[in-house]
Amino acid sequence: IFSKSPRYFGFFSFLFLLIFPPRMSCCGAGGTCGPCGPKAGSCAASPSTTERLASVQNYYGKVLSTSKDLKTSACTASGRPPQYILDALALVPMEVKEKFYGCGNPIPAEIEGLTVLDLGSGSGRDCYVAAKLVGPRGHVIGIDMTDEQLEVARKHAEAYCRETLGYPSNILQFRKGYIEDLRAAEIAPGSVDLVISNCVINLSPDKEAVIREVARVLKEGGELYFGDVYCDRRLGPEVRQHEVLWGECISGALYIEDFIRIARRAGFTDPRVLKKSPIVVKDPALLEILGEAKFFSITYRCFKLSSLETKCEDYGQVAIYKGGILGASHGYDLDDHHHFTKGKPMLVCGNTASMLQETRLSKYFTVQGNRSVHYGLFPCGPVSEPSSSASAGSGDGGCCPGGSCC
C-alpha cells in the first residue's frame, strides 16, 4: 500500500506545515473514531480514509525525491544491516535504492525457495534484496498504491532477475493495491510463506485490517516479519491528526501493547521482538507537540501457528541449533532474548519449540521432547519496562527479556 516511510523534519517540515496545518478530530485512542455524529467514525473535522491515503500517496510519490531528504533517525534507526543484506544491496539498481524509505532491515536470511510478500513495497528495494535470497525457485510480490514508486520498481525487475542474478525468469512482481485489502490484489488465502514490511503498517488508517489480511494470506507455519514505528503510549488527537507527523510515520505509531493485542486477535498468539532502536526527533516545534512520548523502531516476528499458547508453558523441551543459516554460522537469534549457540542445548518453552519445529526453521534445529508432560509455566525473567521495552508479551504471557519466557 504505502511507500517506505521517512521522517521529514526541518525546513521542509516547516513548508509542509504551512500547506497542511494540523487538524483535530474526536477520534479516540488507537486511531478509531467514536460515535460523534449520525454515523460512528464519520467525524467531519478528521480526514477520511480516502483523504489519508491520498495524503500519503502524495507525500511519498511527489513530495519526497530521494532518501537523502530524510531529516531524522527514524529511517536509519536499525543500525548496520547484516552482511548478507549488504551483499544483496550492492546488486540493487541505484534508482531503486535512492527512492527507498524505511526503518529497519526486515528480511530474514533463511528464505530460499519461499513466496515472499512485501507490504508497501515502494520502489522495491526490499523486494530486490529478497529476490536474491529466495533464489530462482522463489517468488517475490510487492504491493504498493503509489504509481511513481511502482514505476521505478517495475522498470528494473526483468533485467535484475535475468541479467544481474542470472535467473531463467523474472521472479519479481509488483502490484498496485492496498494492504488493508489483499484480496483485491489477488493474493490468495494460504499462498504466502513470508510477509515482510518496512515502516509502512503505521501509515494505514486500519492497522487491524492489515494484520487480519496478513493472517489470511499466510500459510500455516508462515511468518510476518516486519519493522515499524511504535510508541510507549497511546497518542492524543493533536498528534494523530497532524499532517506532517502522519507522513513521518510518527502520528500513526501504535502503542506497543495495542499492537500485541491486535496481533493476538488476528491469530498471532506470541509476537516476538527481534530488534528495537530509539527514534530521535530533534525539531523543537515537533517535540513540543509530542511531549514525553517516546518512539521506537521495532522489528517483530509473528508466526502463524495454531499450536502456540497464550502463555509460555514448560514441557521440559530442549532445542539445539545445528547451524546452516546465512550469517549465523556460530549462533542464531530467534528474538531479542533467545540466542542459540551452535551445538549447545537450550531449555525452551512450548511456544519456542513450536516455532523451531513447525516452521521453515525446522531444518536448522533439533528439538528434544514433546508436550506429553507439563511442568507449569516456563520461568520468567525480570521485566523492567513493560510498556516501552522490547517485550512482546509483558505481563500477559508471551516472552520477556532476561533469557526466559513468560
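**Close-up views of a predicted model**

**View 1. Strand 5 and the largest cavity.** Strand 5 (residues 218-231) contributes 4 residues to the lining of the largest cavity, the most of any contributor. The structure shown is a predicted model. It holds 1 cavity of 30 Å³ or more, and the volume of the largest cavity is about 50 Å³. Residues lining the largest cavity include Phe226, Asp228, Val229 and Tyr230, as well as Ile201 and Phe259. By type, the lining comprises 6 nonpolar, 2 polar and 2 charged residues.

**View 2. Strand 8 and its two sets of residues.** In strand 8 (residues 295-303), 9 of the 9 residues are buried. Side chains in a regular strand alternate between the two faces of the sheet. Here Phe295, Ser297, Thr299, Arg301 and Phe303 point one way, while Phe296, Ile298, Tyr300 and Cys302 point the other way. Both sets are buried.

**View 3. The pairing partners of strand 8.** Strand 5 and strand 8 run antiparallel and are joined by 9 bridges. Within strand 8, Phe303 lies opposite Glu223. Strand 7 (residues 272-278) also pairs with strand 8 in the antiparallel sense, over 6 bridges. In strand 8, Thr299 has Lys275 opposite.

View 4. How many disulfides does a search of the whole structure find? The search finds 0. Cys127 has a relative accessible area of 0%, so this residue is buried. Cys302 counts as buried because its relative accessibility is 1%, and the cut-off for buried is under 20%.

Methods:
Residues numbered from 1 in each chain as written. Predicted model: local features only at pLDDT ≥ 70, side-chain atom pairs only at ≥ 80, totals over all residues. Heavy atoms only, no water. Disulfide = S-S within 2.5 Å. Buried < 20%, exposed > 50% of the residue type's maximum accessible area, 1.4 Å probe, protein only. 1 Å grid on protein atoms, 1.4 Å probe; cavity = no way out; pocket = protein on both sides within 12 Å on 5 of 7 lines; lining within 4 Å. Points joined across faces, edges and corners; volume = space filled by probe spheres on them. Nonpolar A, V, L, I, M, F, W, Y, C, P; charged D, E, K, R; others polar. Pairing = 2+ DSSP bridges.
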